[in-house]
Amino acid sequence: MSEVILQQTRVAQGLPYYNKFVETYPKVEMLAAAPLDDVLKLWQGLGYYSRARNLHKAAQQVVELGKFPSQYKDLLKLKGVGTYTAAAIASFSNKEAVPVVDGNVYRVLSRIFHINTPINTPAAVKEFTHLAAQLMDKEQPDIFNQAMMEFGALQCIPKNPNCASCVFKNDCVAYEKGLIDELPVKPRKTKVKNLFHNYLVIISPDQKTLLKQRDESGIWKGLYEFPLVETPGAAMVSKIKDSIEFKDLIGELRFRESVYNQQPIIHKLSHRKIHATFWIIELEDYMEGLSPIKDAFKKPVHVLMERFMNEYWRDYKH
Ligand code: SF4
């Protein structure tokens, strides 16, 4: 649980989530049997939701196996468990001699041995894992792995590492050649794609609304949101009302529209920049298939939805 939570999250942010999860699901069988919506709801706010979906799936795999795998090669078969997580679990809990390679380990090894291979690439994973395996104390793989990561986190830090007091300063090529700021070599950044999301906040005369579950693949898969109209750029209200999605949804119903945010709300993801606009559609007629606004707070939603609902519907929250 902690290794999955800490895959892209700092300890201070992840700890309350870890506590919530082990309190709610003290046994792996309970997590496996829980509805995915409940797991996503508990994960809400932590980001990278594929981790929650994978954790849920992995719990089901463990229940099916009848025990938690302890070997590196078997751990890799669990959904969402990659080489880093499998190595961490296998070495910490079972003292299996497999090296972990995280950002800290990349930094330490690339500097001491002057390795120019861009990190986080398949070639780097192979090269750094091979090197770490050669250096590893096979009797104490758990201590070795933790020491490597701690050394990178505390001593050989990204900016201004503490070289003067470093035990490796006589062997470190980066220190000797003055290359510390150039290492590790980062992979080239992928281009960020702009997405324009127009959310239709339907409000009926009896204070009901409509949420839809995202079914496509992607980071927000399985989460709920208002009906979405995606446009190629920032859109005027006429464009929204002319869209197929809007016409299919509203049809002949009478409504008043307004915009919640004049300026799009920007949300940055690793490869995408979302420009979100919330359009308030107050219906004058009744519509089928809506649910009370209060119930929307029970659904797992992504961060843009959460912020909007907490602000716009704060009176409904409790
Ligand atoms: S000498 Fe400096 S750069 Fe080299 S390992 Fe030590 S702290 Fe890192």
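Trainee: In which loop is the place of asparagine 120?

Mentor: This is a predicted model, where local features need pLDDT of at least 70, side-chain atom pairs count only at pLDDT 80 or more, and totals for chains, interfaces and linings use all residues. Residues are numbered from 1 along each chain as its sequence is written, and side-chain values use heavy atoms, leaving out hydrogens and water. Helices (H or I, at least four residues) and strands (E, at least two) are DSSP runs, numbered from the N terminus. Asparagine 120 is in the loop between helix H8 (103–113) and H9.

Trainee: Is asparagine 120 buried or exposed?

Mentor: Buried means under 20% relative accessible area, exposed over 50%, and partly exposed in between (1.4 Å probe, protein chains only). The relative accessibility of asparagine 120 is 56%, so the residue counts as exposed.

Trainee: What is the phi of asparagine 160?

Mentor: Most residues other than glycine have a negative phi. Asparagine 160, in the loop between H10 and H11, is not a glycine, yet its phi is positive, at about 50°.

Trainee: Which residues does a cis peptide bond join?

Mentor: Most peptide bonds are trans. The cis bond has an omega of about 0°, and its proline is in the loop between helix H11 (173–177) and strand E1 (193–203). The residues joined are leucine 183 and proline 184.

Trainee: How many helices and strands does the chain have, and what share of its residues is buried?

Mentor: The secondary structure comes to 15 helices and nine strands. Of the 318 residues, the share that counts as buried is 43%.

Trainee: What kind of aromatic pair do phenylalanine 226 and phenylalanine 308 form?

Mentor: A pair of aromatic rings is described by the distance of the centres and the angle of the planes. Rings of Phe, Tyr and Trp (its six-membered ring) pair if their centres lie within 6.5 Å; planes under 30 degrees apart count as stacked, over 60 as edge-to-face, and the rest as tilted. The structure holds 16 aromatic pairs. In this one the centres are 5.6 Å apart and the planes at 90°, which is edge-to-face.

Trainee: Why does this pair tie together parts that are apart in sequence, and by how many residues?

Mentor: Phenylalanine 226 lies in the loop between strand E4 (224–225) and strand E5 (228–231), while phenylalanine 308 is in helix H15 (residues 303–312). Phenylalanine 226 is buried at 0% relative accessible area, and phenylalanine 308 is buried at 2%.

Trainee: What is the angle between the ring planes of phenylalanine 226 and tryptophan 313?

Mentor: Phenylalanine 226 is buried, and so is tryptophan 313. Their ring centres are 5.7 Å apart, and the pair is edge-to-face because the planes are at 80°.

Trainee: Which residues do ring pairs link into a cluster?

Mentor: Phenylalanine 226 and phenylalanine 308 are an aromatic pair, and both belong to the cluster. Its members are Tyr199, Phe226, Tyr260, Phe278, Phe308, Tyr312 and Trp313.

Trainee: With which residues is methionine 136 in contact, leaving aside its neighbours within four places in sequence?

Mentor: Methionine 136 is in the loop between helix H9 (122–135) and helix H10 (141–154), and is buried at 5% relative accessible area. Contact means heavy atoms within 4.5 Å. Beyond those neighbours, methionine 136 is in contact with Ala97, Val98, Pro99, Pro141, Phe144 and Asn145.
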